[in-house]
Amino acid sequence: MQLPWWWELGDPCAWMGLGRGTRRMSPATTGTFLLTVYTIFSKVHSDRNVYPSAGVLFVHVLEREYFKGEFPPYPKPGEISNDPITFNTNLMGYPDRPGWLRYIQRTPYSDGVLYGSPTVENVGKPTIIEITAYNRRTFETARHNLIINIMSAEDFLLPYQAEFFIKNMNVEEILASEVLGDFLGAVKNVWQPERLNAINITSALDRGGRVPLPINDMKEGVYVMVGADVPFSSCLREVENPQNQLRCSQEMEPVITCDKKFRTQFYIDWCKISLVDKTKQVSTYQEVIRGEGILPDGGEYKPPSDSLKSRDYYTDFLITLAVPSAVALVLFLILAYIMCCRREGVIQLVHHSAIQKSTKELRDMSKNREIAWPLSTLPVFHPVTGEIIPPLHTDNYDSTNMPLMQTQQNLPHQTQIPQQQTAGKWYP
């Protein structure tokens, strides 16, 4: 008989990887054993304690594999599950995280990362972060707690701090332990300190940078602050010389001798490097003198009297309505006078009507006029035969429709003038 996969959990041989044994637990015993193991796992998963130091970079990776086993159906041993999982993190009892703690997760198929630099104000106070994992396929959730116990780092002070801007990386790439280790190793070769720690990491987008275009594998850029216990090396001080400052002001790359130690993996923008020497900073802290927290006596509170004089708002109401109404009425009368009494359109219509009447009268007069015929229309003699040719128009011809120039026509008694053709021959 084929047994379900979870039945093997009740077999001690299966837990030790020795295969399926002959001894079997009863269903009741198996249920009790599984409940106990699940409770222990749930307790271990829900509360995890970490102990970062104040002023030192803290990185905690939220691994998807760590949460996959809590979403039913539980995968069998050796089975691969690739469900999309996202995380939501917040301070217990608050909707967001503490100000020093940041979170990033690019895609539901990548791990989430909590990172930041704890502050001295939170030393000795446990910070409980609620982590809620969402399975985007089954919509199941799982909530765990991360207890951050911030420790004091006064015995390991790092007064010399340098902030580098790496142009060819995103924040989640530099947070990887091996990449961050390579960067600290390169800085250590240049600086040569006894103690060197990463203090903080900030994305360029959090500093007001723009989202890069998705071309040529462009990166957002990341600021990495490191601290050491010895003064800055001469190579790091080269950024402060006048020649490099002038080149930076002209948006040119400065000349740094130790840049080749970073160039193999990290592209440093040396114009944006920041060197801070806390040993030379003047403290501006002023001690706060705390009082008793009691305000000076200002006498007893005197509320307004109950017998307040009533006020009549009828006059104010009339003024509020009467003045706008009067102004609107005056404007209406002025507009009516302009539109009705001083219309220029009536005069234009009368003038246009008079022009039409005059035009019609002139046309009627031109039809009835009696004028002498032009000489060109009188009878003439034919130049060849000598015969008299009748006039082109009769006496009752309407001269008002006569064109100014007559079209040349070939009459039977007219002589045709020879015309020259393209071929050079003459035709009558």
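Biologist: Which pattern do the disulfides of the chain follow, with bonded cysteines counted along the chain?

Modeller: The pattern is 1-3, 2-4, and since the model is a predicted one, every value discussed here is computed from its atoms. A search of the whole structure finds two disulfides.

Biologist: What makes Cys248 and Cys271 a disulfide?

Modeller: Their sulfur atoms lie 2.1 Å apart, and a disulfide requires a pair of cysteine sulfur atoms within 2.5 Å, so the pair meets the criterion. Cys235 and Cys258 also form a disulfide, with their sulfur atoms 1.5 Å apart.

Biologist: Why is the disulfide of Cys248 and Cys271 called left-handed?

Modeller: The torsion about its S-S bond is about -90°, and the disulfide is therefore left-handed. The link of Cys235 and Cys258 is left-handed as well, with -80° about the S-S bond.

Biologist: How do you know that the pair Cys248 and Cys271 ties together separate parts of the chain?

Modeller: Cys248 belongs to helix α7, whereas Cys271 sits in the loop between α8 and β11 (274-277), so the bond ties together parts that are 23 residues apart in sequence. For the other pair, Cys235 lies in helix α6 and Cys258 in the loop between α7 (242-249) and α8 (260-263), again 23 residues apart.

Biologist: Why is Cys271 called partly exposed?

Modeller: Its relative accessible area is 32%; buried would need a value under 20% and exposed a value over 50%, so Cys271 falls in between and counts as partly exposed. Cys235 and Cys258, by contrast, are both buried.

Biologist: What makes Met339 exposed?

Modeller: Met339 has a relative accessible area of 52%, and the cut-off is over 50%, so Met339 qualifies as exposed. This residue lies in helix α9 (residues 314-340) and belongs to a nonpolar surface patch whose members also include Ile319, Val323, Leu331 and Tyr337, the patch having about 970 Å² of accessible area together.

Biologist: Which residues touch the most other members of the largest nonpolar core?

Modeller: They are Phe164, Ile174, Phe183, Trp191, Val226 and Trp270, in a core of 38 residues. Several elements each supply at least two residues of this core, including β8 (160-166), α5 (177-191), β9 (196-203) and β10 (222-228), and the largest share, eight residues, comes from α5. Apart from this core lies another, of 19 residues, among them Phe58, Leu114, Ile131 and Ile148.

Biologist: Which residues does Phe183 touch, not counting residues up to four places away in sequence?

Modeller: Phe183 touches Phe164, Ile166, Ile174, Val224, Val226, Phe262, Phe266 and Ile268.

Biologist: How many helices and strands does the chain have, and what share of its residues is buried?

Modeller: The chain has ten helices and 15 strands, and buried residues make up 27% of its 428 residues. Among contacts between residues at least 6 apart in sequence, 64% join residues at least 24 apart.

Notes:
Residues numbered from 1 in each chain as written. Predicted model: local features only at pLDDT ≥ 70, side-chain atom pairs only at ≥ 80, totals over all residues. Heavy atoms only, no water. Core = buried A, V, L, I, M, F, W, Y, C linked by side-chain atoms within 4.5 Å. Buried < 20%, exposed > 50% of the residue type's maximum accessible area, 1.4 Å probe, protein only. Helix = DSSP H or I, 4+ residues; strand = E, 2+ residues; numbered from the N terminus. Contact = heavy atoms within 4.5 Å. Patch = residues over 30% accessible without salt bridge, like charges linked within 9 Å, V, L, I, M, F, W, Y side chains within 5 Å. Areas by Shrake-Rupley, 256 points an atom, 1.4 Å probe, with all protein chains shown as cover. Salt bridge = Lys/Arg side-chain N within 4 Å of Asp/Glu carboxyl O.
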